[in-house]
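Hi everyone, thanks for making time today. Let me put the model on the screen, and then I'll walk you through a few places in it.

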Amino acid sequence: MSESNSIESVLHETRVFPPSAEFATRANVSGMESYKAMVAASEADYSGYWADLARKNIDWKQPFTKVLDESNAPFYKWFEDGLLNVSYNCLDRHLATQSEKTAIIFEGDDGKVTRVSYRELHGRVCQFANGLKSRGIKKGDRVIIYMPMSVEAVVAMQACARIGAIHSVVFGGFSSKSLHERITDAQAVAIITADGQFRGGRAMPLKPAVDEALTMDGCESVHSVIVYRRIGASIELDDDRDIWWHDLFNSQSSVCEPEWVSAEHPLFILYTSGSTGTPKGVQHSSGGYLLGAMTSIQWVFDYKPTDVFWCTADVGWITGHSYVAYGPLALGATQVVFEGVPTYPDAGRFWKMIQDHKVTTFYTAPTAIRSLIKLGGDLPKQYDLSSLRLLGSVGEPINPEAWMWYYNVVGQGRCPIVDTWWQTETGSHMISPLPGATPIKPGSCTLPLPGIQAAIVNEAGDEVHDQHGGFLVIKKPFPSQIRTIWGDPERYKKSYFPEEMKGAYLAGDSAHRDADGYFWIMGRIDDVLNVSGHRLGTMEIESALVANPLVAEAAVVGKPHDIKGEAVVAFVVLKGARPADAAAVKKLAEELRNWVGKEIGPIAKPDEIRFGENLPKTRSGKIMRRLLRAIAKGEEITQDTSTLENPAILEQLKEVVR
Ligand code: PRX
């Protein structure tokens with residue numbers, strides 16, 4: 001677990017901001033008494049509580065008769081005999097009442113704005129869904145989506161949902177190797193991609209990474225690659241396999257009967273890093289997942305039909321699934337979808353977009369907030385941000401300094417901040433303030449949502465009530481949780497339901513609770529780093545490094561970073577001798593950084609590389625990671641190093657090559 005200065009300052013945080021009377025009066029959940037009543041209702045009749053919400057929020061083709069099936073725990077099932085279609089719930093059901101309402105305000109990297117109504121979006125999803133069917137893609141098939149932020153990415157996801165195909169979105173910043181790993185694990189039949197993407201004024205190709213991935217072994221299952229033209233690059237199309245999006249799309253009818261599926265039918269697989277091995281294919285359901293996205297938007301984002309909602313996350317991450325592609329549409333919201341980056345053309349981009357589109361609800365990550373403070377802490381004041389009424393944070397602990405800036409400068413002291421704790425595996429928010437009820441404290445995600453029984457336990461799985469903290473668990477199954485790891489049920493059980501936890505879901509974070517019962521997240525308990533809110537396994541980066549012919553051994557640890565939250569520090573042992581002059585060492589470090597960028601993706605590039613003749617190991621050969629973390633942070637080494645096989649190398653490893 002990493003400890004940073006920001007965590008230190010969180011521990012001393014005592015400020016409390018209750019909701020204003022004005023906000024509370026209009027809120028969907030108004031006042032703590034209402035919140036407590038919801039919690040009490042969920043505890044009094046747990047499955048009944050969720051069943052009522054599922055009936056109220058979701059349009060069922062065939063109502064469910066069973067609520068929660070725990071007979072094969074921890075493989076839980078919710079609403080299993082109910083039939084629904086997620087795309088129907090996101091689109092068709094709004095047509096009678098609000099077909100002309102804007103569903104998506106898309107702003108390109110270049111600032112060009114396109115508005116798409118519910119009627120248009122529905123038509124496009126049906127047309128593309130028919131296109132997928134015309135390629136023989138059917139219910140249960142896996143489809144990889146490797147696209148830039150675009151209306152088309154949302155259309156692609158919704159079209160898969162419409163025909164019951166299971167999508168797996170791969171973030172456009174991942175390399176061809178990462179893409180290949182996911183294609184083969186999911187045994188995908190098709191890939192939906194684009195010729196490229198615009199980011200910060202630059203056109204970057206995407207399709208070549210798909211081509212490269214498909215030249216590697218194990219991709220025989222892929223029969224179709226559908227390419228959306230975004231940047232106008234001249235690219236190679238394989239006549240048998242590849243087809244332009246517009247060629248597939250234009251000839252199709254805009255009527256497509258949804259495929260009615262069981263609530264337990266997998267809606268998608270999303271890969272995320274764990275502490276060991278290759279990324280895990282987190283499998284989500286249709287009914288329970290949709291319910292979590294919908295209830296959380298109503299409670300946490302206090303959703304009102306007049307809102308303009310903007311979640312800045314890419315659809316390549318879970319946040320972009322639940323709070324871009326599905327949740328807002330299921331509620332019939334108007335939302336902003338943004339292709340570009342927060343710093344282009346300058347660090348006022350977000351604030352200008354909030355002003356231009358009259359955004360009411362803005363949801364972003366602490367890393368973006370910190371970088372925008374650094375690049376232009378006064379910039380928000382140049383824009384009219386009076387439309388904002390609520391701010392959200394996600395992905396990592398937010399340090400109180402960044403929180404206060406977000407609250408005072410962006411929210412002008414008027415907008416509550418919802419610091420939402422959740423994970424790829426939980427599908428939707430788990431612990432978060434309800435903005436019209438919960439008094440907020442900078443740095444705390446506060447209290448569990450109604451129907452979520454979060455707790456802190458010790459290594460034996462027993463609940464601890466003191467303030468020292470322990471492992472964060474969720475005691476009861478909940479509708480939006482992970483169903484299994486795709487193709488690896490054993491790993492699912494081992495990762496999330498180890499025996500000591502007595503049936504509770506082990507989140508992989510440590511946390512403590514204060515005297516008010518508020519949760520404060522401390523960080524991961526495993527070898528997972530959180531770099532700019534993105535999860536990276538140290539082992540993945542180590543495997544990438546040792547795959548380089550020059551590298552004999554590597555160990556990767558995290559260290560606190562002002563903007564990214566955590567930085568990646570790699571300790572590397574070369575096969576041959578380390579180059580003698582400093583310039584050559586620097587060149588080699590750069591080469592290895594780029595290598596990791598190619599193996600995994602630019603987000604995984606080590607910030608620092610240190611070379612040694614060896615790594616610090618115990619006599620039994622175990623790498624002493626605690627020591628490496630101390631070295632990375634530049635701390636005095638206070639640990640006992642007497643069991644080290646090779647104490648002399650510690651000095652070598654202190655030297656940083658940037
Ligand atoms: O460590 C927690 C951190 O992000 C992890 C989940 O990462 P991922 O599955 O990529 O999902 C990120 C978006 C939901 C968690 O185990 N994390 C997420 N939200 C918070 C957080 N840490 C502190 N505060 C949060 N609000």
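This is a predicted model: local features need pLDDT of at least 70, side-chain atom pairs count only at pLDDT 80 or more; totals for chains, interfaces and linings use all residues.

At what angle do helix H14 and helix H15 pack, and how far apart are their axes? Helix H14 (residues 366-376) and helix H15 (residues 400-410) pack at an angle of about 75 degrees, and their axes are 10 Å apart. That makes H14 roughly perpendicular to H15, a label used for angles of 65 to 115 degrees. Axes here are lines fitted to C-alpha atoms, for helices over the stretch in contact, and angles run from 0 to 180 degrees between N-to-C directions. Helices are DSSP runs of H or I with at least four residues, strands are E runs of at least two, and both are numbered from the N terminus.

Residues are numbered from 1 along each chain as its sequence is written, and side-chain values use heavy atoms, with hydrogens and water left out.

Back to our pair. Ile-369, Arg-370 and Ile-373 in H14 meet Ala-402, Trp-405 and Tyr-406 in H15, with contact meaning heavy atoms within 4.5 Å. By class, that contact has five nonpolar residues, no polar ones and one charged. Ala, Val, Leu, Ile, Met, Phe, Trp, Tyr, Cys and Pro count as nonpolar, Asp, Glu, Lys and Arg as charged, and the others, Gly among them, as polar.

A second pair is helix H4 (residues 46-57) with helix H11 (residues 287-299), packed at about 90 degrees with axes 10 Å apart. So H4 is roughly perpendicular to H11. On the H4 side we have Tyr-49, Trp-50, Leu-53, Ala-54 and Asn-57, which meet Leu-291, Met-294, Thr-295, Gln-298 and Trp-299 of H11.

Now, which residues are closest to the ligand? Of the 17 residues that surround it, the closest are Asp-419, Thr-420, Thr-424, Arg-524 and Arg-535; the cut-off is a heavy atom within 4 Å. The shell divides into six nonpolar, six polar and five charged residues. For polar contacts (N or O atoms within 3.5 Å), a side-chain atom of Asp-419 lies 2.7 Å from a ligand nitrogen. Ligand oxygen atoms lie 2.9 Å from a polar side-chain atom of Asp-509 and 2.8 Å from one of Arg-524. Taken alone, the ligand exposes 540 Å², of which the protein buries 95%, by the Shrake-Rupley method with a 1.4 Å probe.

Last, some backbone details. The Ala-73 to Pro-74 peptide bond is cis, with omega near 5 degrees, and Pro-74 sits in the loop between strand E1 (68-69) and strand E2 (77-78). Another cis bond joins Tyr-344 and Pro-345, with omega about 0 degrees. Finally, Lys-358 has a positive phi of about 50 degrees although it is not a glycine.

Definitions and conventions:
A polar contact is a pair of N or O atoms within 3.5 Å; within protein, one must be able to donate a hydrogen and the other to accept it, and residues adjacent in sequence count only if both atoms are side-chain atoms. Angles under 35 degrees count as roughly parallel, over 145 as roughly antiparallel, 65 to 115 as roughly perpendicular and the rest as oblique.
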